[in-house]
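Have a look at the sequence and the structure, and then read on.

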Amino acid sequence: MMTNEDLSDDERAAPDGWRRVSWPDEVIELLKAGGVSAISLDHDLGDEDRGTGCDVVLWIEDQLQCTGLCLQR
């Protein structure tokens, strides 16, 4: 399994070793695929039309409660 650190930010460049993701739906797809070892969410990621960083947090919370998603950190 590949391990990635993902930076979810719509403005800053990703630091070395991190992958930049600009939209909440992209973050969720990466989390669904697995292999993400760390994530950094920008507080104002996204917009009202395509979703926000809050949508990512709500998705993670739902997965923890409903599917037993296991977060290792």
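Glu48 sits in the loop that runs between strand 4 (46-47) and strand 5 (51-52). Helices and strands here are DSSP runs, numbered from the N terminus: a helix (H or I) has at least four residues and a strand (E) at least two. Please keep in mind that this is a predicted model, in which local features need pLDDT of at least 70, side-chain atom pairs count only at pLDDT 80 or more, and totals for chains, interfaces and linings use all residues. Residues are numbered from 1 along each chain as its sequence is written, and side-chain values use heavy atoms, with hydrogens and water left out.

Is Glu48 buried or exposed? Glu48 is exposed, since its relative accessible area is 72%.

Now to the salt bridges. How many salt bridges are there? The count comes to three, where a salt bridge is a side-chain nitrogen of Lys or Arg within 4 Å of a carboxyl oxygen of Asp or Glu.

| Salt bridge | Closest N to O distance |
|---|---|
| Arg50 and Asp25 | 3.1 Å |
| Lys32 and Glu29 | 3.4 Å |

Take the pair of Arg50 and Asp25, with closest N and O atoms 3.1 Å apart. Arg50 lies in the loop between strand 4 and strand 5, and Asp25 lies in helix 1 (residues 24-33), so this pair ties together parts that are 25 residues apart in sequence. Arg50 is partly exposed at 38% relative accessible area, and Asp25 is partly exposed at 35%.

Glu26 is partly exposed, at 32% relative accessibility.

Lys32 and Glu29 both belong to helix 1, three residues apart, which is about one turn of the helix. Lys32 counts as exposed at 51% relative accessibility, whereas Glu29 counts as partly exposed at 47%. Salt bridges that share partners join Asp25, Glu26 and Arg50 into one network.

What about the cysteines? The structure holds zero disulfides (a disulfide is a pair of cysteine sulfur atoms within 2.5 Å). Cys54 is partly exposed, with a relative accessible area of 47%, and Cys66 is exposed at 57%.

Let us finish with the whole chain. It has two helices and five strands, and from the N terminus on the elements run β-β-α-β-β-β-α. Of the 73 residues in the chain, buried residues make up 29%. Ile60, in helix 2 (residues 53-66), is buried, with a relative accessible area of 17%. The C-alpha atoms of Ile60 and Ile28 are separated by 8.4 Å, and the two residues are 32 residues apart along the chain.

Methods. Buried < 20%, exposed > 50% of the residue type's maximum accessible area, 1.4 Å probe, protein only.
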